[in-house]
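Please keep the sequence and the 3D view at hand while reading.

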Amino acid sequence: VKVLFVDYKGQKLAEQIFQGIILISAAIGFVYGLIIEQFGWTVYIVLAGFAVSCVLTLPPWPMFRRNPLSWQPALPESTAEPSQKPQESTKKKKHK
């Protein structure tokens, strides 16, 4: 079974990539929009940067799964303690 979850270091890397792409696209969009005096192009460039960052960071790519957590093995059911229900001897008294 192939695990498709991102580990903690992968989450940090994805966040850094996302923020970096958004920051760079915002700076490029602002400068380009300022030069041609069209705010619409600034918005388009930032939206394109957002789309690229989503494609790079949302799927669980293998680069985000390099440090998986090692879980403890599960206990067999025969050695696990049975769950006990709390006793119902502590019922509330009705007040008149």
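How far apart do the end C-alpha atoms of residues 41–61 lie, and what share of the span is helix? The end C-alpha atoms of this span are 31 Å apart, and the span is 81% helix and 0% strand.

## Basis of the model

This is a predicted model, in which local features need pLDDT of at least 70 and side-chain atom pairs count only at pLDDT 80 or more, while totals for chains, interfaces and linings use all residues. Residues are numbered from 1 along each chain as its sequence is written, and side-chain values use heavy atoms, with hydrogens and water left out.

## Overall picture

The protein has 2 helices and 0 strands; helices (H or I, at least four residues) and strands (E, at least two) are DSSP runs, numbered from the N terminus. Of its 96 residues, 12% count as buried, where buried means under 20% relative accessible area, exposed means over 50%, and partly exposed lies in between, for a 1.4 Å probe and protein chains only. The accessible surface comes to about 9,200 Å², and 65% of this belongs to carbon and sulfur atoms; accessible areas come from the Shrake-Rupley method with a 1.4 Å probe, and for residues only the protein chains shown count as cover.

Among the contacts in the protein with a separation of 6 or more, 71% are accounted for by residues 24 or more positions apart, a contact being heavy atoms within 4.5 Å.

## The annotated spans

Under "transmembrane region", an unreviewed UniProt entry lists residues 17–35 and 41–61. UniProt positions are given in the numbering used here, feature names are shortened, and annotations may be inferred rather than shown by experiment. In the model, residues 17–35 are 100% helix and 0% strand, with end C-alpha atoms 27 Å apart.

H1 has 29 residues and reaches 42 Å from its first C-alpha to its last, close to the 42 Å expected at 1.5 Å a residue; the expected span is 1.5 Å times one less than the number of residues. At the start of H1, a side-chain oxygen of Asp7 comes to within 3.2 Å of the backbone nitrogen of Lys9. This falls under the heading of a polar contact, a pair of N or O atoms within 3.5 Å; within protein, one must be able to donate a hydrogen and the other to accept it, and residues adjacent in sequence count only if both atoms are side-chain atoms.

The residues Gly10, Ala14, Ser25, Gly29 and Gly33 of H1 are buried, and the buried residues of H1 pack against H2. Leu23, by contrast, is found in H1 but counts as exposed, at 62% relative accessibility. Just after H1, Glu37 takes a positive phi of about 55 degrees, although Glu37 is not a glycine. Most residues other than glycine have a negative phi. Glu37 sits in the loop between H1 and H2 and is exposed, with a relative accessible area of 69%.

## Aromatic pairs

How many aromatic pairs does a search of the whole structure find? The search finds 3 aromatic pairs; rings of Phe, Tyr and Trp (its six-membered ring) pair if their centres lie within 6.5 Å, and planes under 30 degrees apart count as stacked, over 60 as edge-to-face and the rest as tilted. One of them joins Phe18 and Phe50, an edge-to-face pair at 6.2 Å centre to centre with 75 degrees between the planes. Because Phe18 lies in helix H1 (residues 8–36) and Phe50 in helix H2 (residues 39–57), this pair ties together parts that are 32 residues apart in sequence. Phe18 is partly exposed, with a relative accessible area of 25%, and Phe50 is partly exposed, with 41%.

The rings of Tyr32 and Trp41 also form an edge-to-face pair, since their centres are 6.1 Å apart and their planes are at 85 degrees. Tyr32 is partly exposed at 36% relative accessibility, and Trp41 is partly exposed with a relative accessible area of 42%. Together with Tyr44, Tyr32 and Trp41 form one aromatic cluster.

## Ser53 in helix H2

Ser53 lies in helix H2 and is buried, with a relative accessible area of 0%. A polar atom of the Ser53 side chain lies 2.8 Å from the backbone oxygen of Phe50. Leaving aside neighbours within four places in sequence, Ser53 is in contact with Phe18, Ile21, Ile22 and Leu58.
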